[in-house]
Amino acid sequence: MAHLFRDLSLGHSKRESAPTPPPLHTMPQPMPSRLTSTDLQSPLGQLASQLTDSDLRLTAYDVFLAVCRTSSSKPLSTSASFNSESPSLNSPSENHNHSPNSSALQRSLTSVAASKMKKALGLKSPGSSSGSKKSPGSGPGSGQGKSKRPLTVGELMRIQMRIPETIDSRVRRSLLRIGGGLVGRRIESVVLPLELLQQLKQSDFTDQQEYVEWQKRNLKVLEAGLLLHPRVPLDNSNNASQRLRQIIHAALDRPIETGKNNESMQVLRTAVMSLASRSDGSFSDSCHWADGIPLNLRLYEILLETCFDINDETSIIEEVDELMEHIKKTWVILGINQMLHNLCFTWVLFHRFVATGQVEMDLLYAADSELADVAKDAKATKDPDYSKILSSTLTSILGWAEKRLLAYHDTFDSGNIYTMQGIISLGVSAAKILVEDVSTEYRRKRKGEVDVARNRIDTYIRSSLRTAFAQIMEKADSSRRASRNQLNPLPVLAILAKDVGELAVHEKQVFSPILKGWHPLAAGVAVATLHVCYANEIKQFISGITELTPDSVQVLRAADKLEKDLVQIAVEDAVDSDDGGKAIIREMPPYEAETAISNLVKGWIKTRVDRLKEWVDRNLQQEVWSPQANQEGYAPSAVEILRIIDETLDAFFQLPIPTHPALLPDLMVGLDRCLQYYITKAKSGCGSRTTYIPTMPALTRCEIGSKFQGVWKKKEKLQNSQKRNSQVTTMNGDNSFGVPQLCVRINTLHRIRSEMDVLEKRIIAHLRNCESAHVEDFSNGLNKKFELTPAACVEGVQQLSEAVAYKIVFHDLSHVLWDGLYIGEPSTSRIDPSLQELEQNLLIISDTVHERVRTRIITDIMKASCDGFLLVLLAGGPSRAFTRQDSQIIEDDFKALKDLFWANGDGLPADLIDKFSATARGVLPLFRTDTDSLIEQFRRVTLETYGSSAKSRLPLPPTSGQWNPTEPNTLLRVLCYRNDETASKFLKKTYNLPKKL
């Protein structure tokens with residue numbers, strides 16, 4: 001088999017006539033690279049030995065050359081275009097080393113057919129896009145001047161691994177010698193470093209230093225493969241391992257003589273072969289010196305990295321199919337299988353993507369594609385060693401991906417969004433394998449319960465948006481500090497709400513379409529996360545608000561707008577989901593910003609209303625109700641309260657809130673109650689109709705012809721006056737309850753009532769200018785009206801009007817009416833004095849009271865006058881007595897009373913006078929009716945009223961105060977004041993009424 005190794009130097013063909021490039025150095029060159037430093041540690045395991053990257057590269061090359069020496073010599077096609085450019089290829093004199101039986105290392109490389117592997121992985125050719133570098137097999141190589149094109153796999157590998165020609169030649173010569181002793185044996189049955197030490201001596205090297213370094217490398221490889229990382233675990237009592245360790249450590253200090261079959265080499269061989277020949281249970285004659293983890297994986301990783309173009313480190317060379325075919329031949333020495341190959345190649349593709357700056361997406365997609373094969377492998381085996389490497393590799397890939405995805409807003413944007421898509425795909429694939437095929441926890445659950453992809457994406461979204469939220473919150477705080485000296489700077493949370501809204505829109509437009517490929521509710525999860533983040537801030541803010549301020553309203557409005565925008569995005573995103581997005585919406589409990597605004601405004605309203613009520617209490621205590629206070633004749637306090645209400649409404653509509661129409665009713669109710677309170681206080685203590693009507697004296701009968709009649713009448717007059725005065729004492733001590741003052745109160749209530757319409761129109765105008773007002777806000781009038789105040793004003797004017805009327809008639813005119821009219825002889829105590837004073841009061845009222853309520857008050861005075869006139873006639877006490885002849889005087893006086901109010905047509909309308917004088921007109925005819933007829937009429941009416949029970953004894957009819965000519969009590973009272981014997985006897989006999997009180 002030695003001929004297979006002859007002329008292996010064809011790895012550097014002389015078939016081109018191009019100028020010879022500068023010679024390569026004899027020492028292995030470091031791999032010049034544009035690879036960036038990464039934060040990725042190799043998951044394939046760290047070596048415990050002191051082997052450098054250069055040591056490992058040279059060892060990997062040794063292994064590659066060793067296994068490829070037995071390859072088939074089947075020739076490969078050669079590019080026609082290359083042939084035309086290189087006619088010297090056909091020169092027998094320069095092609096003497098390419099015999100039909102030469103090694104595959106010398107196979108010509110094809111550059112015509114595209115790589116099947118690259119097609120499968122979706123990788124571009126180096127020259128397929130503008131700016132791409134050419135691979136060694138498809139264009140000029142690296143180096144100065146015009147570089148030769150590698151013509152064979154061996155030459156390609158040497159160039160790819162940066163192996164100097166001198167080293168390459170030395171290794172090939174050694175392998176040629178080794179091959180001579182491999183009769184009937186395979187290369188995996190020898191320990192390559194041991195055989196190289198056996199074949200090469202110091203004279204094979206250019207200098208002593210190179211020889212020493214080479215010897216140390218091979219000894220370190222033996223140490224790593226047999227002692228530190230053996231395929232078959234070592235027994236602690238193994239003498240061979242202890243002996244080998246001693247030999248290696250001694251040789252590292254003092255080099256041994258190699259290249260001879262001396263004692264040192266024999267001792268070394270014995271120890272090495274003792275360890276390398278231990279069986280791993282596979283029943284093969286393979287020696288185990290480079291197939292222990294992680295040494296084998298590290299060497300294989302170096303070999304796989306040669307698939308990348310040294311001139312364009314993001315591209316895989318065109319000749320990758322042929323190169324990979326030869327790399328796989330190292331499996332027999334390195335103990336690699338298809339599963340480990342898939343895993344290592346996945347890592348190499350991924351690491352190259354990361355190390356070259358993450359610019360070549362094809363590498364990422366290729367790694368993801370390769371990961372699909374890894375997923376199948378993971379399901380097919382439970383080998384613990386493989387599972388350990390699998391877990392380590394996937395964890396490293398996933399960790400790198402998640403470092404970017406857990407804060408993808410910091411890593412990606414619209415410019416590199418497709419990179420994010422590829423990283424997500426790779427990360428999710430890795431996570432699925434880890435969870436479904438590595439995790440024991442997953443196996444205990446039913447697979448349907450775990451959606452790995454969705455769970456991971458959910459985590460990425462929430463984590464990244466929390467990070468982004470924290471960043472924009474810090475930014476908002478900085479923005480606030482920077483604008484502190486500006487006029488009306490925005491509050492931090494208002495700035496934050498705006499920024500969060502913009503972030504949500506950006507998320508929806510840029511990231512969610514990508515993330516939706518793995519999570520159907522990506523946008524919904526995103527806005528739900530932002531909603532929760534902002535909720536933590538806004539709820540703390542709301543809990544600390546004590547009053548309505550421009551800043552607080554601004555923040556709450558911004559929060560409300562943000563919430564509506566976020567919910568809208570969530571609803572739109574979930575339109576096709578099974579639950580319609582209910583699960584997402586449940587993650588977004590309302591901020592209650594509108595409620596907070598509403599509560600603050602209600603607090604603002606309460607404060608204003610409470611202050612207004614206090615103002616009413618304070619100012620009405622000082623109000624004197626003077627008619628001279630202003631020309632209109634109403635109280636200054638009314639002007640002030642209306643001004644305060646108007647200002648309060650203006651202030652309310654100037655509040656920067658979106659809910660004026662909704663909260664207006666609360667304000668209206670508060671102001672309405674304040675006005676009602678003012679009205680109640682304004683009429684308080686003024687009395688009413690019943691306050692001034694005197695108490696009716698007990699029924700008596702006339703004492704006919706008594707000479708003491710005048711004396712008794714005087715005494716009774718004094719008693720009646722005292723009784724009446726005791727009832728109205730409270731009215732006399734305070735000048736604020738005089739008739740002019742009462743008139744001012746009436747004017748005030750009328751003024752308030754008339755201003756209600758003005759205020760309501762002003763409210764409508766305010767509403768029209770509100771940004772949030774709707775048509776229904778104008779059509780529904782109830783929300784904009786004062787409901788209590790108008791009715792209270794009407795009721796108050798009525799009460800005060802009656803109070804004025806009855807005060808004048810029964811209090812102010814009592815000395816001429818109740819104490820003077822018809823006392824003694826009716827003909828000498830007629831109504832004229834009463835009319836004179838009544839007329840003076842009417843003039844005062846006409847001058848004081850607003851014309852819109854003047855008629856009302858004068859009408860009430862007329863009613864009171866009629867009531868007073870009848871009360872004198874029917875309940876005037878024993879000091880009054882009337883004969884039938886006095887009826888004419890009474891009728892004339894009553895006509896004079898009506899004429900006063902008629903005022904020759906300038907007073908009250910005739911129909912109004914007739915209406916309110918009807919009762920008196922019905923009663924007066926009884927005073928000219930004869931006594932017997934009165935008695936008979938009284939009997940009949942009483943029997944009709946009380947029925948058969950009145951036949952034996954006529955009951956005393958109660959006083960109703962509703963005078964009527966057909967009412968028993970009215971008839972009885974006419975008899976009581978009838979000055980004749982018949983009436984007196986009837987009353988004595990029937991009721992035993994006294995003649996005096």
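User: Helices (H or I, at least four residues) and strands (E, at least two) are DSSP runs, numbered from the N terminus. With that settled, which helix holds Tyr-806?

Analyst: Tyr-806 is part of helix 32, which covers residues 788–812. Residues are numbered from 1 along each chain as its sequence is written, and side-chain values use heavy atoms, with hydrogens and water left out. The model is predicted, with local features needing pLDDT of at least 70 and side-chain atom pairs counting only at pLDDT 80 or more, while totals for chains, interfaces and linings use all residues.

User: Is Tyr-806 buried or exposed?

Analyst: Tyr-806 is buried, because its relative accessible area is 2%. Buried means under 20% relative accessible area, exposed over 50%, and partly exposed in between (1.4 Å probe, protein chains only).

User: What is Tyr-806 in contact with, beyond its neighbours within four places in sequence?

Analyst: Those partners are Arg-689, Tyr-692, Ile-693, His-811, Lys-863, Ala-864 and Asp-867, where contact means heavy atoms within 4.5 Å. With Arg-689 there is a side-chain to side-chain polar contact at 3.0 Å. A polar contact is a pair of N or O atoms within 3.5 Å; within protein, one must be able to donate a hydrogen and the other to accept it, and residues adjacent in sequence count only if both atoms are side-chain atoms.

User: And how far apart are Tyr-806 and Ala-864?

Analyst: In sequence they are separated by 58 residues, and in space by 5.5 Å from C-alpha to C-alpha.

User: At what angle do helix 32 and helix 34 pack?

Analyst: The angle between helix 32 and helix 34 (residues 851–875) is about 45°, and their axes are 8 Å apart. Axes are lines fitted to C-alpha atoms, for helices over the stretch in contact, and angles run from 0 to 180 degrees between N-to-C directions. Helix 32 and helix 34 are therefore oblique to each other; angles under 35 degrees count as roughly parallel, over 145 as roughly antiparallel, 65 to 115 as roughly perpendicular, and the rest as oblique.

User: Which residues of helix 32 and helix 34 meet?

Analyst: From helix 32 they include Val-797, Ser-801, Ala-805, Tyr-806 and Val-809, and from helix 34 they include Ile-857, Ile-861, Lys-863, Ala-864 and Asp-867. The residues of this contact divide into twelve nonpolar, four polar and five charged. Ala, Val, Leu, Ile, Met, Phe, Trp, Tyr, Cys and Pro count as nonpolar, Asp, Glu, Lys and Arg as charged, and the others, Gly among them, as polar.

User: What about helix 13 and helix 15: how do their axes cross?

Analyst: The axes of helix 13 (residues 338–355) and helix 15 (residues 384–405) cross at roughly 20° and come within 11 Å. Helix 13 and helix 15 are therefore roughly parallel to each other. Their contact has twelve nonpolar, three polar and no charged residues. Among those that meet are Trp-347 and Phe-350 in helix 13 and Ile-397 and Trp-400 in helix 15.

User: Finally, the whole chain: how many helices and strands?

Analyst: The protein chain has 39 helices and zero strands. Of its 997 residues, 52% count as buried. Among contacts between residues at least 6 apart in sequence, 80% join residues at least 24 apart.
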